[in-house]
Amino acid sequence: MSYRCSIYGLGISANRPIPGVPSSPVNSIDLRISLGSFPAWVRELESQQCQLSYTAEYKDNSGQPVLQVFRLSGGQYYYFRYADDTEFLVDHAGSEIWADWHPPLTIEDAATYLLGPVMGFVLLLRGIFCLHASAVVVDTEVVALCGPAGSGKSTTAAAFSTKGFNVLADDVVTLEDRADHFLVRPAYPCIRLWPA
């Protein structure tokens with residue numbers, strides 16, 4: 001059974017519901033997502049077929065980078081490996097994503113990466129510039145809340161929401177240059193905050 005929704009204006013078809021993203025009818029499928037499964041051929045690749053493309057500055061408690069990104073098969077795929085063993089594979093066109101994780105992690109944990117940095121990367125592959133930010137609608141304008149991780153972007157967006165303003169995006173904000181203005185695509189109706 002296919003689960004369908006829209007994120008950043010893209011028609012999504014997934015093999016399972018994406019936590020925090022309600023299903024919705026879509027006219028066409030732009031992106032296919034397989035949650036909890038990975039192509040077998042990825043596991044069989046030899047190390048010389050994997051080219052390290054990015055290593056995050058941030059380290060986990062054991063000193064490992066929180067994220068490494070590799071190019072596979074001559075750049076046809078990008079492999080995201082997080083320090084907690086959550087993995088994503090993205091094709092070079094930004095039209096397919098595979099995600100896998102290991103207990104005790106859950107699909108909700110994987111969705112945090114999927115809806116944030118992985119989706120931001122997919123949008124970049126599709127030629128859409130992204131900011132690490134939150135966005136709220138004030139009258140007919142969009143205000144982007146930018147800052148480093150942990151600076152309160154989502155918390156501020158949530159505060160705007162309690163005052164009746166619509167949150168357009170959280171974590172990833174798109175910017176499409178329309179010559180005399182920028183267009184910001186709506187993300188999904190969810191703010192990702194820790195309970196505290």
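Start with the largest pocket, which has a volume of about 1700 Å³. Keep in mind as you look around that this is a predicted model. To find the middle of the pocket, select Thr 112, Pro 117, His 132, Ala 149 and Asp 171: of the 42 lining residues, these lie nearest its centre.

What kinds of residues make up the lining, by class? Colour them and you'll get 23 nonpolar, 11 polar and eight charged residues.

Next, switch to a cartoon view. Strands S4 (50–55), S5 (67–72), S6 (77–82) and S9 (129–138) each give the lining at least two residues, and so do helices H2 (107–125) and H3 (153–162). Which element supplies the largest share? That's H2, with nine residues.

Stay with H2 and see what it lies across: S1, S2 (10–14), S3, S6, S7 (87–91) and S8. Against S7, the helix runs at about 25°.

Now for the sheet itself. Eight strands form an open sheet with mixed pairing, and you can trace them in the order S1-S2-S3-S8-S7-S6-S5-S4. At the edges sit S1 (3–7) and S4, each pairing on one side only. Neighbouring strands here are turned by 20° against each other on average, ignoring direction.

Zoom in on residues 31–35 and 96–100 in this sheet. These are S3 and S8, which run parallel and are joined by four bridges. Pick Arg 32 and you'll find Glu 96 of S8 standing opposite.

Then jump to S9, which has several partners to visit:

- S10 (141–146): six bridges join this strand to S9, and the two run antiparallel. Select Ser 134 to see its bridge partner, Leu 145.
- S12 (172–177): four bridges, again antiparallel. Here Phe 129 is partnered with Leu 175.
- S11 (166–169): three bridges in the antiparallel sense. Ala 135 stands opposite Ala 169.

While you're at S9 and S10, look at the turn. The two strands form a hairpin with two residues between them, and Asp 139 in the turn has a positive phi of about 60°.

Last stop: the second largest pocket, with about 160 Å³ of space. Select Thr 140, Glu 141, Val 142, Leu 175, Phe 182, Leu 183 and Val 184 to show its lining. S10 and S13 (182–183) each give two or more of these residues. By class, the lining divides into five nonpolar, one polar and one charged.

Note on methods
Residues numbered from 1 in each chain as written. Predicted model: local features only at pLDDT ≥ 70, side-chain atom pairs only at ≥ 80, totals over all residues. Heavy atoms only, no water. 1 Å grid on protein atoms, 1.4 Å probe; cavity = no way out; pocket = protein on both sides within 12 Å on 5 of 7 lines; lining within 4 Å. Points joined across faces, edges and corners; volume = space filled by probe spheres on them. Nonpolar A, V, L, I, M, F, W, Y, C, P; charged D, E, K, R; others polar. Pairing = 2+ DSSP bridges. Axes fitted to C-alpha atoms, helices over the stretch in contact; angles between N-to-C directions. Contact = heavy atoms within 4.5 Å.
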